[in-house]
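Subject: Two-chain model, handover and notes

Hello,

Here is the structure I promised to pass on. Please open it alongside this message.

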Amino acid sequence: MANASAINPSGAKPQPLLAPGRVALYAALILTSIYYLIPLYVMIITSLKDLDMIREGNIFVPTLRPTMDAWVKAWSQACTGLNCTGLAPGFWNSVFITIPSVIVSIAVASISGYSLANWPFKLAEWCFTILLVGSFIPYQVFLYPLVIITREMGIYSTLYAVVFVHTVFGLPILTLLFRNYFASLPEELFKAARVDGAGYWRIFFRVMMPMSLPIFTVAVILQVTGIWNDFLFGVIYAGPTNYPMTVQLNNIVNSLQGVKEYNVEMAATILTGLVPLTIYFLSGKYFVRGIAAGAVKG
Amino acid sequence: MHSVSVKNLTLNFGAVSVLKELNLDVAEGEFVVLLGPSGCGKSTLLNCLAGLLDISEGEIWIKGKNVTWAEPSERGIGMVFQSYALYPQMTVRGNLTFGLKIAKMPKAEIDQRVARAAEILQIGPLLDRKPGALSGGQRQRVAIGRALVRDVDVFLFDEPLSNLDAKLRSELRVEIKRLHTRLNNTMVYVTHDQIEALTLADRIAVMKGGVIQQLADPQTIYNKPSNLFVAGFIGSPSMNFLAGQTVDAGKTFVFGDTRIDLKGYDGGAVLERDQAILGVRPEHITVSSTAQSGPSIAAEVEIDENLGADSLLWLKAGTKSICVRVPVEGRLPAGTKVHLGLDIAKASLFDAKTEQRI
């Protein structure tokens, strides 16, 4: 019986499924989820009602006769002032703003970050400091100067102006993000690639980029949601005919004429939020991983 | 013609000078180990040889060509890193051929070189795996393979075995030795492990503070260290240092009350010095229970460390701690009073002021 002690269980006692601590934990989680999901629930069921049903009063009761009319109206018929074109033009404006801004800003920032991290040059430290400062300056400071700059460039009041402004404002923070990520990758890989004869671009595309999926995902999410949700730059630089979706949504919801169509407003709001929501759902896993990875080393 | 030649190399990082006026010539087919504690500049020197660091002054020649400002890939070197540095998204084959494809080598030749490297390093079955699916030892083989397929004259190793466990380390150490015998390339190998240095090297360069302290074959480094630092750094446990004076025109060393005859000392003119240090390795001291004929140091056993093959006795002579290596049969219990005899022919005498060997 020399081994008797080995037979006895050791370590923490396994908890039963319904231990008080666990029940409390799940209760808290479920309550929090409900708290955050109720507004979404109300929005969805309201958007499926017609105005008569809404007037019946209780916003929590789902309708028995759901209709998609409000969604159709929000997309293609809702009026802002004299234009009754719905959100569709705003959606396409937002798409035309977001896609180039995201691609250009990420392309430039990733290459700059790579240069700063792996190819130190004389003024690298200065560039780094300037970027750091740049990412903390409030946007409002630049609004008027940028109006003048875009006017002089001849792109004020066009989609190009919005793309330009978003790209410029995305660069400091994205470059920092990429610099830190590349600096956290093992330096010896970079050295090995140089011994193998790979140059600046080949190391970037063949060695660095394949290891950087998480940080590219983070950058895409930050940029897509940031640019899609932007209101300020859209109002200022796009010009009335090119308003992005967020600005049009605001105009629909805040329009003071006629009957207040809650169902259309709810549908319009959900439609506007759909793009960032989809991005989050598709890439949540990588997003968390990338944020963590980028944070490890500064 | 030297295979690798470093001339007056100086490297400054800002105001800090990491390597100072360093000279090193490595012969064709020679295995040179750069050995030293962390921060001594050994890896920095290797990176300079590889062209991964721009030097401040001096010249680097490889195979009779001045490569001081050449790109790493143009220097005819292959490098093996401590962390393996395999490209994680490529297969083993991809890792081996990455550099060859960049050099636009014909496919037949690439295949032939990969096959040869795989045969030499026995990594044939691993060629289509990703590095993530390999063990540490396998990864390091692949890393060596990547240098091998380049078919270069000079191999640079940057602490290649430091990330491996003790057993694998000694296995791969033998394998690197075998590789060197087979290929007969010039190899420059950085390590802080003196066993690796002593076993692998044709010559060892012991470094400290960006300066080569001594460059010699392992036996000379071990038996005739050129200064106190080298003497203390090489050997485990460390050499015993006895502080005293030399008198009688350098014929006698005085340690405490003991006068030690320096007859048979293998070195330069001893002369009379107020401050001298006598260095004796643990295996060059004999222990006996009675006073020896001639001078001997009285001491008391403090600790007995059994190493299996032999045993280390830690003794106290007055306040001075002395270590002696004895055969297992010679083990003594703590508290035993003994007399120590020194093998002067194998000892080293240092000037305490200059710290140089006399």
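My notes follow, from the whole chain down to single residues.

**Ground rules**

This is a predicted model: local features need pLDDT of at least 70, side-chain atom pairs count only at pLDDT 80 or more, and totals for chains, interfaces and linings use all residues. Residues are numbered from 1 along each chain as its sequence is written, while chains are lettered from A and ligands numbered from 1 in the order in which they are written.

**Chain A**

Chain A has 14 helices and zero strands. Helices here are DSSP runs of H or I with at least four residues, strands are runs of E with at least two, and both are numbered from the N terminus. The radius of gyration of chain A is 26 Å, well over the 19 Å that the globule rule gives for 298 residues, so chain A is more spread out than a compact globule. That radius is taken over C-alpha atoms, and the rule is 2.2 Å times the number of residues to the power 0.38. The C-alpha atoms fill a box of roughly 80 × 75 × 30 Å along the principal axes.

Of the 298 residues of chain A, 34% count as buried. Buried means 20 or more other C-beta atoms within 10 Å of the residue's own; exposed means 12 or fewer; partly exposed is in between; C-beta atoms are placed from the backbone. Now the contacts (C-beta atoms, placed from the backbone, within 7 Å). Among those in chain A between residues at least 6 apart in sequence, 76% join residues at least 24 apart.

**Where the chains meet**

14 residues of chain A are in contact with 16 residues of chain B. On the chain A side, α9 (187-195) and α10 (200-208) are the elements that give two or more residues. The largest share, six residues, comes from α9(A). By class, this side has eight nonpolar, one polar and five charged residues. Nonpolar covers Ala, Val, Leu, Ile, Met, Phe, Trp, Tyr, Cys and Pro; charged covers Asp, Glu, Lys and Arg; the others, Gly among them, are polar.

**Cores**

A nonpolar core is a set of buried Ala, Val, Leu, Ile, Met, Phe, Trp, Tyr and Cys residues joined through C-beta atoms within 7 Å. Which members of the largest core touch the most others? Of its 145 residues, they are B:Leu156 and B:Val188. Helix α8 (residues 159-184) of chain A gives the most to this core, with 15 residues. Leaving aside residues up to four places away in sequence, B:Val188 touches B:Val4, B:Val26, B:Val32, B:Leu34, B:Leu46, B:Leu49, B:Val154 and B:Leu156. A second, separate core of 12 residues includes A:Ala70, A:Met245, A:Met266 and A:Leu271.

**Chain B: a helix and its end**

In α2 (residues 92-102) of chain B, the buried residues include B:Val92, B:Leu96 and B:Phe98. The buried residues of α2(B) pack against α3 (107-121) and α4 (136-149) of chain B. B:Lys104 follows α2(B) and has a positive phi, near 55°.

**Chain B: strands**

Strands pair if DSSP finds at least two bridges between them. Strands β1 (residues 2-13) and β2 (residues 16-27) of chain B run antiparallel and are joined by eight bridges. B:Leu9 has B:Leu22 in β2(B) as its bridge partner. The hairpin has two residues between these strands, and B:Gly14 takes a positive phi near 60°.

An open sheet of five strands has the order β15-β19-β16-β17-β18 (chain B), with antiparallel pairing. Its edge strands are β15 (285-288) and β18 (320-327), each pairing on one side only. β17 (residues 310-317) and β18(B) pair over eight bridges, with B:Leu313 bridged to B:Val324.

**Backbone points to check**

Most residues other than glycine have a negative phi, and most peptide bonds are trans. These stand out:

- B:Lys63 has a positive phi of about 55°. With 18 C-beta neighbours inside 10 Å, B:Lys63 counts as partly exposed.
- B:Ala249 also has a positive phi of about 55°. With 10 C-beta neighbours inside 10 Å, B:Ala249 counts as exposed.
- B:Ser236 and B:Pro237 are joined by a cis peptide bond, with omega about -5°. B:Pro237 sits in the loop between α8 (228-233) and β11 (240-247) of chain B.

Best regards

Key. Two residues are in contact if their C-beta atoms, placed from the backbone, lie within 7 Å.
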